[in-house]
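Subject: Structure handover

Hi,

Here is the structure I promised to pass on. Have a look at it first, and my notes follow below.

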Amino acid sequence: MIPLHLDPAAGVTLQEQVYDQVRAAILARTLPPGAALHSTRELARTLKVSRNTIVLAFERLAKEGYLVKRPGAGTFVCEVLPEACVGLSESPIPEATSPAPRPPEPAVVHPPVLLRAAPLRMVQTGPSGMQVDFWYGSANSRNFPLREWRQLLLENLSRASGNLSGYGSPEGAVELRSAIARHVSANRAIQAEPDQVIITAGAQEGFNLISRLFVQPGVRIAIEDPCYAGAAHVFSSFGGALVPVPVDAHGLCTEYLAGCGATLAYVTPSHQFPTGVTMSLGRRRELLAWARSSGAYVVEDDYDSDFRYDGAPLAALAGLDANTSVIYLGTFSKSVGAGIRTGYMVVPKQLVRPVRQAKSLANYGHPWLDQIVLADFIDQGRFARHVRRIRQTYSEARQALVDSLNTHFGPARISGADAGMHVMWTLPDHFPPVREVARIAADAGVGIYTLEAAGAHEIVPFRYPRAVVLGYAALTPDAIRKGIARLATALSRAGVDLSPRFVRHRPSVLAALGPQR
């Protein structure tokens, strides 16, 4: 039996632990070339884990050249390992006529702090190049307000004076901070002074600033499970101990916060990533009450709140916060375009000075011209008109996606369709495993994404084992219909039964899974 020791509290998925330990055993020759491995079923039973955990780890090792599966015989260690091929020459090395000089002792190189622990996965930031790509993070490039942007750019460039040659404030141009303060007051019910607004290069810089102030090794951070990997990775890189809190149909399950010891909580209440659910008003109040009683701060990532299609939007957490315990993160990446690299933080008054100090350690501000153009775009009412226009466009795309899923795979289990730029679709129970479905789709030129591939992070694995994330904002309704039809055809050709299977009294996927205690 392979000597595996799995620790559910290690902060690394069980699948990753199996992969790392088997690979290490192969490289150390504990498992020599040609050695036969026990069956995945036997290993799963012995280790008391899901068989899927072992299967996926073995599949990854096979793809990387460490294992080979022989039908009818089993799984074996490859005779020639990938490391043996590194640096080999196609031509033979001539025999030395004299002893080779002894190489110098290698220098001691200290690894970067970030890499001393388990390496972090990079979050994918763009589409994969599929013919029809349902990548969740893409906006429709045709919607960028190019004509208006060019006009404002030229107007401000003509009166730039010394602003382009001098340093600005690390916290951002006061014109943009003032415009954002007015914007969040009118649209998110957040009453804030311009001084409380800090301009960032997107939410990712906001996570880094927050971590610099609050996170050090051992600090406990309550985090949605699953959640956005970009935030989880930053908190972990500073040594934070992530405390997984499950999500159900009403958002973060706040009853798990009592006694968790966290001093920071990270949430996406308006459109939870990746499930898409909206945190109920009751849960929001409970979360704020916990923060008030425990002295913790709540990080509210409001990444796509500009797009809500059904029902009245709820006030932001920061708008409900009477105790100034919410750090609000907003971005223009989804509403205007990721290329302008502009986001912002709205922080409680007691954090203004420390956040400014942390910001000055990172950089001395952002390009003045870009900030002034965006400030004018907001103050002149152009941003509000732009959002109304593309909200209608995205609403039509969303409806095309929901209708297509129900037409080909109905009744489809979908969450998050009332807001944002993506939905989570839970595959029918009789479909192949989610990764296999994604592979079949990719072979047909259709990009659909597992939670992990879409940039979600699961601390407790397999809460949503059959979920895929589908973004629709970058696609036209016609492209969406063609993409889902192509997916259905590919699955049918692969032998998947697409006939509707009605199950009596089936609750929604989120309600069915419920809190995982």
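To start with the sheets: in what order do the strands of the open sheet of 3 strands come? The order is β1-β3-β2, and the pairing is antiparallel. In that sheet β1 (36-37) and β2 (67-70) are at the edges with a single partner strand each, so one side of each has no neighbour in the sheet. Strands here are DSSP runs of E with at least two residues, helices are runs of H or I with at least four residues, and both are numbered from the N terminus. Two strands count as paired if DSSP finds at least two bridges between them. Between β1 and β3 (residues 74-77) there are 2 bridges in the antiparallel sense, and A36 sits opposite F76 in β3.

Before you go further, a word on the source: this is a predicted model, where local features need pLDDT of at least 70 and side-chain atom pairs count only at pLDDT 80 or more, while totals for chains, interfaces and linings use all residues. Residues are numbered from 1 along each chain as its sequence is written, and side-chain values use heavy atoms, with hydrogens and water left out.

There is also an open sheet of 4 strands, in the order β14-β15-β19-β17 with antiparallel pairing. Its edges are β14 (413-415) and β17, each with a single partner strand, so one side of each lacks a neighbour in the sheet. Strands β15 (residues 422-426) and β19 (residues 467-471) run antiparallel and are joined by 5 bridges, with H422 opposite G471 in β19.

β10 runs parallel to β6 (residues 220-225), with 3 bridges joining them, and L264 is the bridge partner of I221. β10 also pairs in the parallel sense with β11 (residues 297-301), over 4 bridges, where A265 stands opposite V298.

Now for some backbone details. Two cis peptide bonds to look at are D225 to P226, with omega about 5 degrees, and F273 to P274, with omega about 10 degrees. P226 is in the loop between β6 and β7 (227-228), and P274 is in the loop between β10 and α8. R29 is not a glycine, yet its phi is positive, near 65 degrees. R29 lies in the loop between α1 (14-27) and β1 and is partly exposed, with a relative accessible area of 48%. A189, also not a glycine, has a positive phi of about 60 degrees; A189 is in the loop between α5 (174-188) and β5 (197-200) and is partly exposed at 36% relative accessibility.

Last, the cysteines. How many disulfides are there? The count is 0, taking a disulfide as a pair of cysteine sulfur atoms within 2.5 Å. C253 is buried, with a relative accessible area of 0%, and C260 is buried too, at 10%.

Cheers

Methods. Buried means under 20% relative accessible area, exposed over 50%, partly exposed in between (1.4 Å probe, protein chains only).
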